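Reader: I would like to go through this model term by term. Please set each value against its cut-off.

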Amino acid sequence: KINLTIDHIQVSVDKGATILEAAKKLNIKIPTLCYHEDLCVAGNCRVCVVEQMGSDRLVPSCATPASEGMEILTNSLKVRNARKSVIELLVSEHRAECTRCYKNGVCELQHLSSEYLIGEDGLIDLVALKNYTIDYFSPSIIKDDSKCIRCQRCVRSCDQLQNIGALSVAYKGEKMKIASFFEKPMYEVVCTNCGQCVNRCPTGALIERNYIDEVWSAINNPQKHLVVQTAPAVRIALGEALGMESGNIVTGRMVAALRRLGFDSVLDTDFTADLTIIEEGNELLQRLKGALVDKDPEVKLPMTTSCSPGWIKYIEHMYPQLLPNVSTAKSPQQMFGALVKTYYANKIKVDPEDIVSVSIMPCTAKKYEANRPEMHSSGYKDVDLVLTTRELARMIEQAGIDFKALENEEFDSFMGVSSGAAVIFGATGGVMEAALRTAYEIVTGREVPFDGLNITPVRGMDEVKEAAIKIENPLPEWSFLDGVELKTCVAHGLANAKKVMDSVVNGKAQYHFIEIMACPGGCLGGGGQPIPTNMEIRKRRTEAIYREDEGMPIRKSHENPEVVKLYEEFLKKPLGHKSHELLHTTYTP
Ligand code: HC0
C-alpha cells in the first residue's frame, strides 16, 4: 500500500494507483477532460493538474502515480489558476455556440467553463481564424471539427476498443486536428458507425445524427400510421437519460411514453429477436449437416452472428474472405422492418405506403444499417427512421412527460410478445445463449443442460468467452450430431472480434458458432446509449438484462406464441421461401 495525503486527508492506495484514483477514494472530484475510465491515460489536456507540496511543479493527476508520503493539493490557488487558464484556452479554440449546440447541457467543457467562471474577458476567439469542416455525410455520426478540443478520447476509443483507427491525430502544433484517412468523410473510410467515439466525446465534436424532427413530423401527419419497435438494450438504459440510476428496468414506462408521444403501434424488436433465433438456429443446424454429413466444401463454418451492423461493416472491411461465414439472417431490426410493411400492414389493413416504421436502438450503426440498399425487401424502405436511446429520452423531455411517474403499459400485439431469450440479446453472449437454448432443444428435445437455462460461460465481461456443449442422444433426425461437442465463442468490442477472427483465419480456432457484438458489453454499451458509460454502468445494465430475462414467463424463443403463429399464418417454415425473401440477405465486400 502507498500512503499519501490529499487536501490534508490521509489515504492509502494500491501501488500503481494514480493521484486521480486516490482522490476518488476520498470522494474528492478532480475535473478531467482527456481522461476516460475505459481508455488508456493520455494526460494531454492538463485540466486535472494538482499541486505536489514541496515541488514547484503541477502534475497531471490522471497520469501521475501516487507515491509514499506525497502531499497533494487539488484546489490551491495555483491549481485553480492553472486549470482556469487551460479551460480558457480550450474554450477559445472551441466554437462555443452553446445555446444552439446538440450537447447543450451535457457538454463537459461547457460544464467546466461554468464551474470556473470563464467569462468573455481575455478570451480570443481562435475558431473564427481557422478553417474547419463539419462532416454531415454519415447517416450515423456528425463530426464537427470546430468543437473539437483534441483530447483524443475518440482516437483512443476507435483504436483501443475497436482496433479500427478510423480517427487519428493529423498535423502538429496549432494545425493539429483529429482526422479520418486523408480527411475523407466518415462514411467513406473504415468507420463502422459504432458510435463509441460519440459516447466518449466530451463536447459536441462527435454526435449522433438525430432524426427527432423527422419523427415528430411523421407523428403529426394524419395520413401516416406510426409503428415503433424498441431494441432489447433500450429498456434497461433509457431511465439513465431521464434522471434514474443505472440498472433500472423501464420497459413498461417506455411503452407508456411511446404511446403518449403519439406512436400508433408500440411493438418490440424482441419479437424479431426470437424470430432471428429460429432462423439463425436452423441455419446453423443446416450448415452443420452440410459440413458433417454432406461434406459440402461450400458450407462455411464457423458461422458468425449477423445482427450487429458495426460488426458487419467491420468484417466487410477487414475480413471480406470470411463473409460467407456470416449468418444470412438479417438483424432483428431489419426482420421487423420487412415484416411491418408486409405481414403486419396486411393484418391491420393499412397500406404499407402509409406506414412509417421507426426503431429505437442503443446503437448509431443501426441508422446506417436501415439505409443499406439491401434493406428494402418489403418493397419499401423496411425501417424508415432510427432513433437512439438518447434521442428517445430527448423526445420524452420535449413532450413534457414525467417519465418516472408513468404507469407500466404492455406492448401491443401482434409483434409485441417476446421471450427472456430475446431480452438478453442486449448483453454480450445473449444471442449465443438464446440460440443454444433453442438449438439444443430442437436437436435433443430436452432443455440445455445448464442451471435454469442460464448458460453462464457466455455471460459477463471477459473479452473472449468460450462454451462447449456435448450433444448426446439427439432426436433421430439429428443423429449425425450424436457425440458432437458444439463449440462456441463470444466476443464484444471489435478489438476482441479481431482476436477471434485472426484465430479463425490462421486455423487455430475450431468453433462452430461465434457471436460478435461490435460494442463493449454488447448492445447495452452501444454508441446510442445514455452518456456517461463505464464498466460499472455496463455491469449494472447487464444485471438488469438478466433480471428481466428471469422475470419473463417465456424464456425460450421457440416458445414465443406470436412467433409460432407467424410461421403458421405467413412464413410457413424456417428458412422457407418467404423467410428467404424477407428475413435473409447476403453481404458483399
Ligand atoms: Fe442490439 Fe439487436 S441486440 S443488435 O445489440 O440481434 O442495437 O439492444 O436491437 O437488431 O434484437 C442493438 C440491442 C438490437 C437487432 C436485437 C440483435
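Author: We begin with the domains. The protein chain is assigned domain 1 (2-75), domain 2 (95-208), domain 3 (212-271 + 333-405) and domain 4 (277-330 + 422-582). This is a predicted model: local features need pLDDT of at least 70, side-chain atom pairs count only at pLDDT 80 or more, and totals for chains, interfaces and linings use all residues. Residues are numbered from 1 along each chain as its sequence is written.

Reader: How do you know where the domain bounds are?

Author: They come from an automatic or database domain assignment. Between the C-alpha centres of domain 1 and domain 3 there are 44 Å.

Reader: What makes a residue part of the shell around the ligand, and how many residues surround the ligand?

Author: A residue is near a molecule if its C-beta atom, placed from the backbone, lies within 6 Å of it. The ligand is surrounded by 22 residues. The closest are A231, A233, C307, C363 and C523. By class, the shell has 13 nonpolar, 8 polar and 1 charged residues (nonpolar: Ala, Val, Leu, Ile, Met, Phe, Trp, Tyr, Cys and Pro; charged: Asp, Glu, Lys and Arg; polar: the others, Gly among them).

Reader: Which helix gives the most to that shell?

Author: Helix 8 does, with 3 residues. At least two residues each come from helix 8 (269-292) and helix 10 (332-348). Helices (H or I, at least four residues) and strands (E, at least two) are DSSP runs, numbered from the N terminus.

Reader: Why is the ligand said to lie between domain 3 and domain 4?

Author: Both domain 3 and domain 4 give residues to the shell, so the ligand lies between them.

Reader: How do you know that the span of helix 15 agrees with its number of residues?

Author: The expected span is 1.5 Å times one less than the number of residues. Helix 15 (residues 494-505) has 12 residues, so it should span 16 Å. Its end C-alpha atoms are 16 Å apart, which agrees.

Reader: Which residues of helix 15 are buried, and what makes them so?

Author: They are L494, N496, A497, V500 and M501. A residue is buried if 20 or more other C-beta atoms lie within 10 Å of its own, exposed if 12 or fewer, and partly exposed in between; C-beta atoms are placed from the backbone.

Reader: Why are these said to be on the same side of helix 15?

Author: They cover an arc of only 150° around the axis, which puts them on the same side of helix 15. The arc is that of the directions from the helix axis to the C-beta atoms. These buried residues pack against helix 9 (309-318), strand 16 (464-470), strand 17 (485-492) and strand 18 (513-517). After helix 15 comes G507, with a positive phi near 80°.

Reader: What makes helix 9 mostly covered?

Author: Of its 10 residues, 7 are buried. They are P309, G310, W311, I312, K313, Y314 and I315. They pack against helix 11 (365-370), helix 15 and strand 18.

Reader: Why is V356 called buried?

Author: V356 has 23 other C-beta atoms within 10 Å, so it is buried. V356 belongs to strand 14 (residues 355-361). Leaving aside neighbours within four places in sequence, V356 is in contact with A218, K224, L226 and D384. Contact means that the two C-beta atoms, placed from the backbone, lie within 7 Å.

Reader: Is G252 buried or partly exposed?

Author: G252 has 15 other C-beta atoms within 10 Å, so it is partly exposed. G252 lies in helix 7 (residues 251-261). G252 and E410 are 158 residues apart in sequence, yet their C-alpha atoms are 6.1 Å apart.

Reader: Which residues does a cis peptide bond join, at omega about -5°?

Author: It joins L301 and P302. P302 is in the loop between helix 8 and strand 13 (303-304). Another cis bond joins S413 and F414, with omega about 0°.
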